[in-house]
Amino acid sequence: MSSDNVLLEVKNLKKYFPVRKGILRRVVAHVKAVDDVDMYIKEREILGLVGESGCGKTTIGRTILRLIEPTDGKVIFRSKRLADSGEQYREVDVTTARGKLLKMLRRDMQIIFQDPYSSLNPRMTVGSIVGEPLLVHGVSRGSEREDRVRRLLGAVGLKPDHMRRYPHEFSGGQRQRIGIARALALDPQLIVADEPVSALDVSIQAQVLNLLEDLQEEFGLTYLFIAHNLSVVKHISDRVAVMYLGKIVELAKTEEMFDNPKHPYTEALMSAVPVPDPDYKAERIILEGDVPSPVNPPSGCYFHPRCRYAKEVCKTETPLYRHLGGEHFVTCHLADSLNLRPIRKG
């Protein structure tokens, strides 16, 4: 991995939520929502992050942005805005940033929320919603601010006169476009897209995905794209990371991931992807049992109770997150010996 084009690097990131009981509210356990995650995102790429509901995808995104305080680990961000004269960028540890420095980082790192209904204030006009980041950071005011808002609305496919309306006057797809415009207001380098199309109709999903790709090209954006739909991730991502119970179990370039999966959980997820061929009958891999509790995860490999390839070593020893070559990483004892099925190309 060359550090020259890496925008964000996550090192040993952990987020544990305390479980309290009793009158004195003593901590009796921890929910291991994010458990020792390592990954990086390169400039102007889209990293897809997939996994079952509750595996920690959203928590990773919000911890990277410091919307949730991390328990441990580092998040190194290479900011061009904060660079001194003569420097290309300045490395900042997001987890330790405070005060003015953290506020400046907010301009470089933004989020698109999953729910286009609850993420917009119903009492504010669209112009106020999109323009509020500009006001908070003192970027522009008055007519200059209004002109900026009009340009942002135009960039996401909305009309300038929409800025006088309220969120309830728009459809779900239009509301998500408003959320995207708000995320673009401060000209960020990185956008965490937290399942931005999962609440939308399928026909609208394609429009929003294409819009995100167009905006990446126009504004030079980098995305962490969180989703649970592998078809969507395959369409938009340059690389894909697969999460299970708070850990990254596999990470690779998109083509490599779909043509040559190395983790049994990845194989199981891919078997559920519909193939546009009426004559093809997929062999669906049904995972037995429920997802273990993140409060009391299994010993050894977290996935072993549901893995059809599991051996004794999987039950007793925790697998390392290791490099297989190129940009392929996996957390599995048996990755070198298994011959897993790739997704069938439609």
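Residues are classed as buried under 20% relative accessible area, as exposed over 50%, and as partly exposed in between (1.4 Å probe, protein chains only). The structure is a predicted model, in which local features need pLDDT of at least 70 and side-chain atom pairs count only at pLDDT 80 or more, while totals for chains, interfaces and linings use all residues. Residues are numbered from 1 along each chain as its sequence is written, and side-chain values use heavy atoms, with hydrogens and water left out.

Strands (E, at least two residues) and helices (H or I, at least four) are DSSP runs numbered from the N terminus, and two strands pair if DSSP finds at least two bridges between them. Four strands form an open sheet in the order β2-β1-β4-β5, with antiparallel pairing. Its edge strands, β2 (26-42) and β5 (90-93), each pair on one side only. Strand β4 (residues 72-79) is joined to β5 by four bridges, and Ile76 stands opposite Asp93 in β5.

Strand β9 (residues 239-244) is mostly covered, with six of its six residues buried. Arg239, Ala241 and Met243 point one way from β9, and Val240, Val242 and Tyr244 point the other way. Strand β3 (residues 46-50) runs parallel to β9 and is joined to it by four bridges; the bridge partner of Leu47 in β9 is Arg239. Six bridges join β9 to the antiparallel strand β10 (residues 247-253), where Lys247 stands opposite Tyr244. The hairpin of β9 and β10 has two residues between the strands, and Leu245 takes a positive phi near 50° there.

A salt bridge is a side-chain nitrogen of Lys or Arg within 4 Å of a carboxyl oxygen of Asp or Glu, and the structure holds 16 of them. One of these joins the side chains of Lys247 and Asp35 (3.7 Å, N to O). This pair links strand β10 to strand β2, the two residues being 212 residues apart. Asp35 is buried, at 6% relative accessibility.

Lys80 forms a salt bridge with Glu43, with the closest N and O atoms 2.8 Å apart. Because Lys80 lies in the loop between β4 and β5 and Glu43 in the loop between β2 and β3, the pair ties together parts that are 37 residues apart in sequence. Lys80 is partly exposed at 46% relative accessibility, and Glu43 is partly exposed with a relative accessible area of 31%.

A salt bridge also joins the side chains of Arg164 and Glu146 (3.3 Å, N to O). Arg164 is exposed at 52% relative accessibility, whereas Glu146 is partly exposed at 30%. Salt bridges that share partners join Lys42, Glu45, Arg239, Lys253 and Glu327 into one network.
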